[in-house]
Amino acid sequence: MLGILLIDKPQSFTSHDVVNKIRRALNTKRVGHAGTLDPLATGLLVVAVGPATRFLQYLPLEPKEYVGWFQFGASTPTQDAESDPDEVRPVPTDLEQRLLDAGGDFVGEITQIPPMYSAVKKDGRPLYDYARKGLEVERESRSVYIEELSILEKDGDRVLFKVVCSGGTYVRTLAHDLGQAVGCGAHLASLRRTKVGK
């Protein structure tokens with residue numbers, strides 16, 4: 001069997017869960033995916049089956065496009081809704097204007113520090129291993145590219161953004177950092193990937 005599948009990943013499934021389901025359904029072990037989606041996220045997951053797994057690296061898989069709700073006024077350890085807030089602050093009444101003023105600093109090439117709750121490795125161990133033990137370790141910042149960051153809708157302290165970005169971008173870190181920039185904290189409440197490359 002040979003092919004590329006475009007899967008609409010449901011919430012609470014890991015990308016690996018999707019791969020395992022396809023392996024069982026098609027009775028083959030040779031299944032791989034391009035571009036991990038967090039369990040909280042939904043949307044497009046590109047999956048290759050059979051010899052097509054060798055071609056994933058050659059597919060034009062950038063930029064990636066997302067639509068997500070950022071919740072302002074509360075920061076969380078995971079930078080998303082998977083954990084309870086560890087800091088709550090009042091949301092400024094001029095939030096939308098502050099977002100417009102700060103938004104330009106988050107477009108183009110920016111640096112991000114990977115969240116502690118991520119699979120990035122430090123000394124051979126994923127960061128989430130340290131985080132689950134209550135440890136915070138030093139992480140190296142990474143350069144990513146944000147092609148577009150635009151407001152689609154506002155609902156109280158929640159703002160719906162469209163993000164077009166390079167691979168390796170943590171949208172939940174973008175939410176967290178934007179919340180710090182406007183002075184009230186924020187986390188990613190929900191996320192949907194709507195496009196991958198072409």
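**Buried, bridged and crossed: reading a predicted model**

Biologist: In this predicted model, why is alanine 102 called buried?

Modeller: Alanine 102 has a relative accessible area of 10%, and buried means under 20%, so the residue is classed as buried. Its place is in helix α2, which covers residues 95-103.

Biologist: What is alanine 102 in contact with, leaving aside its neighbours within four places in sequence?

Modeller: Its contacts beyond those neighbours are Leu178, Ala181 and Val182. Valine 182 is 80 residues away along the chain, yet the C-alpha atoms of alanine 102 and valine 182 are separated by 7.0 Å.

Biologist: Why are α2 and α4 called roughly perpendicular?

Modeller: The axes of α2 and helix α4 (residues 171-182) cross at roughly 110° and come within 9 Å; angles of 65 to 115 degrees count as roughly perpendicular, and therefore the term applies to α2 and α4. Where they meet, α2 contributes Leu95, Arg98, Leu99 and Ala102, while α4 contributes Leu178, Ala181 and Val182.

Biologist: What makes the pair of arginine 192 and aspartate 8 a salt bridge?

Modeller: The closest N and O atoms of arginine 192 and aspartate 8 are 2.9 Å apart, and the cut-off is within 4 Å, so the pair qualifies as a salt bridge. This pair links distant parts of the chain, with arginine 192 in strand β12 (residues 186-196) and aspartate 8 in strand β1, 184 residues apart. The structure holds six salt bridges.

Biologist: How do you know that aspartate 8 counts as partly exposed?

Modeller: Aspartate 8 has 48% relative accessibility, and since exposed requires over 50% and buried under 20%, aspartate 8 is partly exposed. Arginine 192, with a relative accessible area of 35%, is partly exposed as well.

Biologist: What makes methionine 1 count as exposed?

Modeller: Methionine 1 has 66% relative accessibility, and exposed means over 50%, so methionine 1 counts as exposed. Methionine 1 lies in the segment before β1 (3-9), and together with Leu5 and Leu26 it makes a nonpolar surface patch of about 270 Å².

Conventions. Residues numbered from 1 in each chain as written. Predicted model: local features only at pLDDT ≥ 70, side-chain atom pairs only at ≥ 80, totals over all residues. Heavy atoms only, no water. Helix = DSSP H or I, 4+ residues; strand = E, 2+ residues; numbered from the N terminus. Buried < 20%, exposed > 50% of the residue type's maximum accessible area, 1.4 Å probe, protein only. Contact = heavy atoms within 4.5 Å. Patch = residues over 30% accessible without salt bridge, like charges linked within 9 Å, V, L, I, M, F, W, Y side chains within 5 Å. Areas by Shrake-Rupley, 256 points an atom, 1.4 Å probe, with all protein chains shown as cover. Salt bridge = Lys/Arg side-chain N within 4 Å of Asp/Glu carboxyl O. Axes fitted to C-alpha atoms, helices over the stretch in contact; angles between N-to-C directions. Parallel < 35°, antiparallel > 145°, perpendicular 65-115°, else oblique.
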